Amino acid sequence: MMLFWKESKKTIGSLMFLLYAAALLVLYISQFVPETAALPTPPRQGEEESYGSIKKEVPEILMPAAIEGLLCEYQSESYTAYPYGFYKSVRLKEKERLEMAAILEELTGLTEAEADRFKEHGISETLSYERFKELMNRADELIGGGSNYSERYLLQNFCMIPMTYEEALAEYEETVDEKNVAESYTRLYCDYMGIGLGILPVFVCAGLWMLDKRSRMEQLIYVRKISSAKLILTRYLALFCCMMLPLIVTFAHAMYRVGRLCPEKEIFFVRAFGLAVLWLLPELMMVSASGALISELWSPFPAILLQGIWWYASVGANELTGDITKTTLLIRHNTLGAGALFQSQTADFLQNRAGYAVLALLSVVCLIVVYENKRKGGPRPKKRQTGGRIL
Amino acid sequence: MKGEILFIKILGMNLRHHFLFPFAASVALAALTPLFFNINALQGTAAARPIEFWLCFVGVVLLVSVLLPEQDKDIREVICSKKYGYCALLCTRLLYSVFAVAALIAVFVGIMRACECDVGIGHVLCGTAGALFLGAVGFAAAGLTENVTAGYMAAVLYYLANYGLQDKTGFFFLFPMSFGRSDAAGVWLAGGAFLLILFTIGVIKCRHKWGYPRIKYENK
């Protein structure tokens, strides 16, 4: 316990932690606080353009739109794809191009020469929705995955339907309902804070993990009686708990503001707190653990570099709302509404967060092994030889 | 003549031991650009996005790393006792690092041009200025706190602030071309980078001469 307090004191007193806390605070004040100035206004009848749109599986809209999109890309011989979440322009080889032509022929009922008549002719009359989905999957495979016709992007690209007044009103009521209002604001809070948590903890970890080395205390600590597991776990826990402090403070303030927005309602804070814990803690655990592990293995520089690349990739890989996957580090939900959409992705959300929590714990175990190995005099990164010359 | 030989010796030694890893890292960063951005047939503001949004990190990697070897206090003390001087050594390292930033961005812009993007010399100059300014922010933070990690963090925070604040960063906005402003904004960025580096070196020089100003930042 003594060591935990010492480590916590060291963390809180460090410049890196102060910068981390200040950055999170600025992020919170500049992005989230303005959203809590007032409750969103209910939709008004007759203002259709302000209702937004909703992803719906309507074969009559989806099939012609998707087939037209595929036909356009086929004719321009360039297909847009996001195989790993990043943009890629794909050009098919001759064999694949011929197979794509056959797919289009089945979809449209037109030959390649007649393809320009698609707008007047429409889709093939004999095409069923099931067969359409099979052919779209095959087209996606030919492109290499992650294309506009993949299961993940198909509805999003070709079947976003404007909401009716009734749908917009239902969504609004669900958002500000006393059971959901705290959760709605928590999702937005987690979205903003998650962006910061994807990168900022690595600086604190990398900076503090190398403190022993910088203070030339490494060898002194190695010969102490304390076990490597106890030392590393205590340090990691202290670091983790300290980095949670700004989150606890800002979350409490966020819930206070939400409570003030709806004074007449009984707000379900505990559920909101549970959601925030599930959302943000695995991310914080993962970024801290990987930062500490890479710093211990090599140095802070690669830890920051790799985390920076991972963070940038995660920020760019996802849509702002409704695009939760099993693997991405950052989960985005940049809207107060769309609660039903979020609920529909709960399984992916839970798998994602559980996966990162387990991965973080595994990284900590690796960290203990690496530290123990160093302590026993095992292999370390080679120091560069400068032939005795320092300059 | 002796001074020149010493300069060349020091330059060679630093290039061999302290430049290769950061340079390899910045080449890797540049090589990753097509993963994050399309670099084919871009026009107008879209053509500036890969340069301003991603390649600016090349400046952070190369400029902040100038202070990396002396994170070890003993090495710093030995170097300060040498005739060549710590500040002169920093200037030498900055010289080749700035050149490397410009060269990397120029090569990348050349590749973009080969991929039919509408880019030119303005993109090279303004992109280099942005990368140098972001690098200088990191260099200043690292130099003033004597902590390279703080340097990297400050640069990332400034980058994030440019997303959030945009116009409020005024002349030192990192993404002028991507937001349709003239590439002449690069002059401010380059000037700002030069002044930041000069200020930091001045502070480091004072610190070595008189022992202050120094920021105490960590509990031992």
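Two residues are in contact here if their C-beta atoms, placed from the backbone, lie within 7 Å. With that in hand, and keeping in mind that this is a predicted model, let me start where the two chains meet. The contact takes 31 residues from chain A and 30 residues from chain B. On the side of chain A that touches chain B, the elements giving two or more residues are helix H1 (2-12), helix H2 (15-32), helix H10 (200-209), helix H11 (211-214) and helix H15 (300-317), each belonging to chain A. H15(A) supplies the largest share of that side, namely seven residues, and, sorted by class, the side of chain A that touches chain B holds 18 nonpolar, eight polar and five charged residues.

Let me stay with H15(A) for a moment. This helix has 18 residues and reaches 25 Å from its first C-alpha to its last, which is close to the 26 Å expected at 1.5 Å a residue. Which residues of H15(A) are buried? They are A:Pro300, A:Phe301, A:Ala303, A:Ile304, A:Leu305, A:Gln307, A:Gly308, A:Trp311 and A:Ser314.

Stepping back to chain A as a whole, we find 17 helices and four strands, and the C-alpha atoms fill a box of roughly 80 × 65 × 35 Å when this is taken along the principal axes. Of the 391 residues of chain A, 35% count as buried, and among the contacts in chain A between residues at least 6 apart in sequence, 79% join residues at least 24 apart. The domain assignment divides chain A into domain 1, with residues 2-41 + 171-375, and domain 2, with residues 53-162; the C-alpha centres of domain 1 of chain A and domain 2 of chain A lie 39 Å apart.

Next, a pair of helices in chain A. The axes of helix H9 (residues 181-197) and helix H13 (residues 228-261) of chain A come within 10 Å and cross at roughly 145 degrees, and the crossing in which H9(A) passes H13(A) is right-handed. From H9(A) the contact is made by A:Val181, A:Ala182, A:Tyr185, A:Tyr189 and A:Met193, and from H13(A) by A:Leu247, A:Phe251, A:Ala254, A:Met255 and A:Val258. By class, this contact of H9(A) with H13(A) has ten nonpolar residues, with no polar and no charged ones.

Why does A:Ala66 count as buried? A:Ala66 is buried because 24 other C-beta atoms lie within 10 Å, where the cut-off for a buried residue is 20 or more. Leaving aside neighbours within four places in sequence, A:Ala66 is in contact with A:Met136, A:Tyr149, A:Leu154 and A:Phe158. As for A:Leu154, that residue and A:Ala66 are 88 residues apart in sequence and yet 7.5 Å apart in space, C-alpha to C-alpha.

B:Glu116 has a positive phi of about 65 degrees although it is not a glycine, and B:Glu146 has a positive phi of about 55 degrees, although it is not a glycine either. B:Glu116 lies in the loop between helix H5 (86-114) and helix H6 (121-145) of chain B, while B:Glu146 is found in the loop between H6 and helix H7 (148-165) of chain B. Are these residues buried or exposed? B:Glu116 is exposed, with 12 other C-beta atoms within 10 Å, whereas B:Glu146 is buried, with 21 other C-beta atoms within 10 Å.

Note on methods
Residues are numbered from 1 along each chain as its sequence is written. Chains are lettered from A and ligands numbered from 1 in the order in which they are written. This is a predicted model: local features need pLDDT of at least 70, side-chain atom pairs count only at pLDDT 80 or more; totals for chains, interfaces and linings use all residues. Ala, Val, Leu, Ile, Met, Phe, Trp, Tyr, Cys and Pro count as nonpolar, Asp, Glu, Lys and Arg as charged, and the others, Gly among them, as polar. Domain bounds come from an automatic or database domain assignment. Axes are lines fitted to C-alpha atoms, for helices over the stretch in contact, and angles run from 0 to 180 degrees between N-to-C directions. A crossing is left-handed if the near helix is turned anticlockwise from the far one by less than a right angle, and right-handed if clockwise. The expected span of a helix is 1.5 Å times one less than its number of residues.
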